[in-house]
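I opened the notebook to record what I looked up in this structure. The entries follow in the order in which I made them.

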Amino acid sequence: MTGNHKDSTITRRRALAVTGGTVAAGGLAVAGYQSAFADTAADAEASASASATSTSTSSSCMTLMTSVTEGPYYLDGALVRKDITEGKSGVPLTLRLTVVDATDGCTPVSGAAVEIWHCDAWGYYSGYTTANPGGSAPAESEDGSTADDNTYLRGYQIANANGVVKFETIFPGWYTPRTCHIHLKVHTGGQKEDGTYEGGKVNYTGQLFFPDDIAEEIFTLEPYSEHSGSYTTLDNDMVYDGGGTSSGLLTLKAVHKADPSKGYKGSITLGVDPDAENTGAGGGGGGGGTPPSGAPSDAPTGTPPSDAPSASASS
């Protein structure tokens with residue numbers, strides 16, 4: 001399988017799934033690639049300082065990201081860890097996410113817990129491995145990995161002094177009727193306990209998105225290409241509202257321009273209100289809201305296996 005990781009126009013439907021977000025839509029600051037992926041402590045500190053200086057005077061930095069539904073595939077109890085792949089096959093993806101307080105000059109939110117979860121290369125979520133991803137895909141069990149069916153591609157990281165967290169994962173696949181995406185929550189006020197994150201509150205619930213050209217190129221590679229069917233582009237997604245980075249569109253950089261199977265690095269800055277609370281509860285089907293009328297009949301179906309943790313809208 002390529003890229004194994006170690007360890008057409010229709011009416012836009014997005015408004016049907018952007019539910020009850022208490023955070024207003026707006027822009028957000030995205031650091032430059034070198035700043036976002038500085039590997040040394042000195043570089044990270046310098047870039048964070050430069051970013052804070054340049055963005056604190058920007059009006060776009062002072063608005064908050066759009067908050068959307070958590071969708072139906074959320075599970076409590078994700079582990080605090082950097083690498084969430086558990087041997088799942090796919091194109092490597094390194095995420096560097098920066099959490100800033102958009103109500104206080106975009107200062108870093110040290111200690112914030114960022115939680116992410118997403119589907120595998122064929123569109124399956126851990127805890128929901130019997131759910132049909134739409135189109136035609138092998139059974140989730142056929143990928144041959146040693147991943148735990150209840151925990152793969154889910155995890156927390158705690159933000160450092162610069163508000164930065166970093167995840168090692170794989171490029172997500174897709175499922176009907178959604179575009180390629182990653183779910184996330186930002187928590188504050190809790191603490192690491194028994195390998196997970198407990199207490200506090202959810203300040204922000206959102207989703208991260210990928211440019212269509214990159215996603216569609218990735219989906220021609222193994223193991224993604226084994227999932228055939230109609231892929232939903234950004235313009236036709238029920239959640240993405242066309243706002244670019246302010247709506248969660250990642251900045252991506254190929255590890256090797258001539259070979260996409262080598263992986264990508266993605267970055268974005270999350271402008272949140274640490275005093276607000278938004279769990280994103282109440283989402284319906286499709287991974288991001290209730291599918292619109294006329295949605296494909298092969299939208300995801302199925303329930304968690306009996307031995308999986310129960311899904312919850314609470315954190």
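Entry 1: I looked up the second largest cavity and found about 70 Å³ of space in it. Eleven is the size of its lining: of these 11 residues, Thr-66, Val-68, Phe-209, Val-239 and Ser-247 are the closest to the centre. I sorted the lining and got six nonpolar residues, four polar and one charged. For my own reference, a cavity is a set of points on a 1 Å grid over the protein atoms alone where a 1.4 Å probe fits but cannot get out, and lining residues have an atom within 4 Å of a point. The volume is the space filled by probe spheres set on the points, with grid points joined across faces, edges and corners. Nonpolar covers Ala, Val, Leu, Ile, Met, Phe, Trp, Tyr, Cys and Pro; charged covers Asp, Glu, Lys and Arg; the others, Gly among them, are polar.

**Entry 2: what I am working with.** I note that this is a predicted model, in which local features need pLDDT of at least 70 and side-chain atom pairs count only at pLDDT 80 or more, while totals for chains, interfaces and linings use all residues. Residues are numbered from 1 along each chain as its sequence is written, and side-chain values use heavy atoms, with hydrogens and water left out.

**Entry 3: the whole protein.** I listed three helices and nine strands. They are DSSP runs numbered from the N terminus (helices H or I, at least four residues; strands E, at least two). From the N terminus on, the order is α-α-β-β-β-β-β-β-β-α-β-β. Of the 315 residues, 54% are buried. Buried means under 20% relative accessible area, exposed over 50%, and partly exposed in between, with a 1.4 Å probe and protein chains only.

**Entry 4: strands.** Which strands does strand 9 pair with? I found strand 1 (residues 92-101), in the parallel sense over nine bridges, and strand 8 (residues 251-254), in the antiparallel sense over four bridges. Two strands pair if DSSP finds at least two bridges between them. In strand 9, Ser-267 is the bridge partner of Arg-96, and Gly-266 is that of Leu-252. Eight of the nine residues of strand 9 (residues 264-272) are buried, so the strand is largely enclosed by the rest of the structure.

I then followed strand 1 to strand 5: the two run antiparallel and are joined by seven bridges. Pro-92 has Ile-170 in strand 5 as its bridge partner. Six of the seven residues of strand 5 are buried. Strand 3 and strand 4 pair in the antiparallel sense over five bridges, with Arg-154 in strand 4 as the partner of Trp-117. In strand 4, four of the five residues are buried.

**Entry 5: aromatic rings.** I counted 13 aromatic pairs. Rings of Phe, Tyr and Trp (its six-membered ring) pair if their centres lie within 6.5 Å; planes under 30 degrees apart are stacked, over 60 edge-to-face and the rest tilted. Tyr-125 is buried at 2% relative accessibility, and Tyr-175 is buried at 1%.

Phe-219 and Tyr-231 have ring centres 5.1 Å apart and planes at 70°, so this pair is edge-to-face. Both are members of one aromatic cluster, formed by Phe-171, Trp-174, Phe-210, Phe-219, Tyr-224, Tyr-231 and Tyr-264.

**Entry 6: backbone exceptions.** Most residues other than glycine have a negative phi, and most peptide bonds are trans. Where did I find a cis peptide bond? One runs from Thr-176 to Pro-177, with omega near 5°, and another joins Glu-222 and Pro-223, with omega about 0°. Pro-177 is in the loop between strand 5 and strand 6, while Pro-223 is in the loop between helix 3 and strand 8.

Cys-106 is not a glycine, yet its phi is positive, near 60°. Cys-106 is buried, at 3% relative accessible area. Leu-153 also has a positive phi, of about 60°, and is buried at 0%.

Note on methods
On a 1 Å grid over the protein atoms alone, a cavity is a set of points where a 1.4 Å probe fits but cannot get out, and a pocket is an open set with protein on both sides within 12 Å along at least five of seven lines; lining residues have an atom within 4 Å of a point.
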